[in-house]
Amino acid sequence: MRAVGFDVNGGPEVLRPVELPTPVPGPGQVLLQVAYAGVNYGELQHTLGDFGPPSGPGGVDVPGLEASGVVAALGPGVTGLAVGDPVAAYLPDGGGYAEYALAPAEFAFPLDGITLRDGGGAALVLTTAYGVLTGAARLRAGDTVLIHAAAGGVGSVAAQIARALGAAAVFGTVGSAEKAAYAKRFGYDAVHLRDGFADRLRDLDVILDPVGGQTRLRSLALLAPFGRLAVYGEAARESDLTLPVLPFWKSNRSLTGYNIGDLARRAPRTVRGHGLSAFALLASGTIRLDVSAELPLERAAEAHEVMRAGRNIGKTLLAVDPRLS
Ligand SMILES: NC(=O)c1ccc[n+]([C@@H]2O[C@H](COP(=O)([O-])OP(=O)(O)OC[C@H]3O[C@@H](n4cnc5c(N)ncnc54)[C@H](OP(=O)(O)O)[C@@H]3O)[C@@H](O)[C@H]2O)c1
């Protein structure tokens, strides 16, 4: 099968077209014939080596944490899905940048009323956005919310989900004025430049932070009493913070974390629940995905280059076999 993979860690330049055997689904897995694969920051981290050196068959790793397509085969013990079903899947072990990918059946979400194109960029970002808001940040109706990386894949849907779950106000930060103008379509009350947000906001109940470094430090000071700052990424790639604990006690603030890979291993039913809840919002039209770029699979490195430079907006897709649509 056609795929895009890498056999050495590095930047976008390590991605190259490869020919690999079609995988065979094991117990609890489905084989997905891929229509579209989403492009995610986590896949940049994969090539860079944040998850270790490539260790796939023949020393080649195929990135791709989410994809849509049709079920091509069922592994032993899989129920509730049939060959030919259109699904969107979260792929905890990657593999989406390929004609065929293995997905745990538990993380394959039926696409009722959702196109394969939208589904291609949905499973990771929707499940993450719903999980970080409800599980890690414990969002409640009436909360005020700040979302960093507001114009990106997770950020753009997190804003809409927060609103759907009753947030009283939703603010965002981005890296450029162009992105601020673009992000307003997702229902933000205001979108600030990352460099200046700390002077413009205060008393926030929930902050979603996938950026880290100085942005994280400045954000902590903006929490309302019992406010929660949910850490779920490190896009700035600055050194980790070392923080004393007593100020959390003295100022009624909380730091919380979300990691879908850990949840997939330790609480897969929670991941499925978050995914199903978020997909229901997409199917009903309450939230939407904004696919801003679509490239053929072979041009995955270009998509990574744009994301590495922080120039991406909304959701970027790789078209693997759009004829399946
Ligand atoms: N913990 C989990 O389970 C989990 C799951 C999925 C995603 N994530 C995290 O969620 C975040 C968003 O993921 P995504 O795939 O939807 O990506 P994305 O938001 O579409 O793209 C990444 C964005 O990060 C921002 N950014 C901030 N500092 C940056 C820097 N120094 N270099 C490059 N970009 C920078 C950029 O937007 P602005 O400059 O406009 O802010 C960039 O567009 C990532 O940090 C990812 O690791 C975590």
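Biologist: Into which domains is the protein chain divided?

Modeller: There are domain 1 (2-122 + 289-324) and domain 2 (126-261). Keep in mind that this is a predicted model.

Biologist: How far apart do the C-alpha centres of domain 1 and domain 2 lie?

Modeller: The two centres are 27 Å apart. Contacts link the domains: 16 residues of domain 1 touch 15 residues of domain 2.

Biologist: How do I read the size of an interface?

Modeller: It is often given as the accessible area that is lost when the parts come together. Here, domain 1 and domain 2 bury about 1,200 Å² between them. Carbon and sulfur atoms give 52% of that area.

Biologist: How many salt bridges does the rule find across the interface of domain 1 and domain 2?

Modeller: Two are found there. As for salt bridges by residue, Arg 185 and Asp 290 form one through their side chains, at 3.4 Å from N to O.

Biologist: Is Gln 45 buried or exposed?

Modeller: Buried means under 20% relative accessible area. Gln 45 has 14%, so it counts as buried. Gln 45 sits in helix α1, which covers residues 41-48. Leaving aside residues up to four places away in sequence, Gln 45 touches Asp 50, Phe 51, Glu 234 and Arg 237.

Biologist: And which residues make the nonpolar surface patch of about 210 Å²?

Modeller: Leu 217, Leu 243 and Leu 255 make that patch. Leu 255 belongs to strand β13, residues 253-257. The relative accessible area of Leu 255 is 41%, so Leu 255 is partly exposed.

Notes. Residues numbered from 1 in each chain as written. Predicted model: local features only at pLDDT ≥ 70, side-chain atom pairs only at ≥ 80, totals over all residues. Heavy atoms only, no water. Patch = residues over 30% accessible without salt bridge, like charges linked within 9 Å, V, L, I, M, F, W, Y side chains within 5 Å. Areas by Shrake-Rupley, 256 points an atom, 1.4 Å probe, with all protein chains shown as cover. Salt bridge = Lys/Arg side-chain N within 4 Å of Asp/Glu carboxyl O. Helix = DSSP H or I, 4+ residues; strand = E, 2+ residues; numbered from the N terminus. Buried < 20%, exposed > 50% of the residue type's maximum accessible area, 1.4 Å probe, protein only. Contact = heavy atoms within 4.5 Å. Domains from an automatic or database assignment. Buried area = accessible area lost by both parts, 1.4 Å probe.
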